[in-house]
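Let's take a walk through a protein chain together. Have a look at the sequence and the 3D picture, then read on.

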Amino acid sequence: MLMTKQRRPAIRTLRGWAIHVLNEAGAIRECEEHGWMQDRADPHARERAFDIARRDLPEGVSREAAEAAVRDVLDSIGDTCPECPPDEEDRR
């Protein structure tokens with residue numbers, strides 16, 4: 001019987017790698033309806049993402065650059081989808 005290992009997805013950019021790390025750690029999620037990334041604001045998930053970034057660096061990238069890429073992605077996204085209508089509680 002042929003057995004294969006599950007391969008990690010090919011990441012072509014440092015930003016794409018950082019998004020993958022944040023998603024894997026549970027620090028971000030995707031809006032199910034529109035596809036926008038959303039920050040889950042979970043400090044434990046963020047710390048897990050930085051731990052992964054320090055431990056599993058892309059080839060040829062320094063630890064500082066990897067951490068900076070993760071931080072840049074976190075700084076560039078919000079916690080709400082810009083296309084979703086605001087919740088009733090947010091309107092008050």
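This is a predicted model: local features need pLDDT of at least 70, side-chain atom pairs count only at pLDDT 80 or more; totals for chains, interfaces and linings use all residues.

Residues are numbered from 1 along each chain as its sequence is written, and side-chain values use heavy atoms, with hydrogens and water left out.

So what is the chain built from? You'll find 4 helices and 2 strands, where helices (H or I, at least four residues) and strands (E, at least two) are DSSP runs numbered from the N terminus. Of the 92 residues in the chain, 27% are buried, meaning under 20% relative accessible area, with exposed being over 50% and partly exposed in between (1.4 Å probe, protein chains only).

Now find helix α3, residues 63-76. Its 14 residues reach 20 Å from first C-alpha to last, close to the 20 Å expected at 1.5 Å a residue (that is, 1.5 Å times one less than the number of residues).

Which residues of α3 are buried? They are Ala66, Glu67, Ala69, Val70, Val73 and Leu74. Looking down the axis of α3, these buried residues fall within an arc of 155 degrees, so they line one face of the helix; the arc is that of the directions from the helix axis to the C-beta atoms. Here's the general idea: an α-helix has 3.6 residues a turn, so residues three or four places apart point the same way.

What covers the buried residues of α3? The cover includes α1 (14-25), β1 (28-30), β2 (37-39) and α2 (43-55). On the face of α3 turned away from its buried side, you'll spot the exposed residues Glu64 and Asp75.

Key: Contact means heavy atoms within 4.5 Å.
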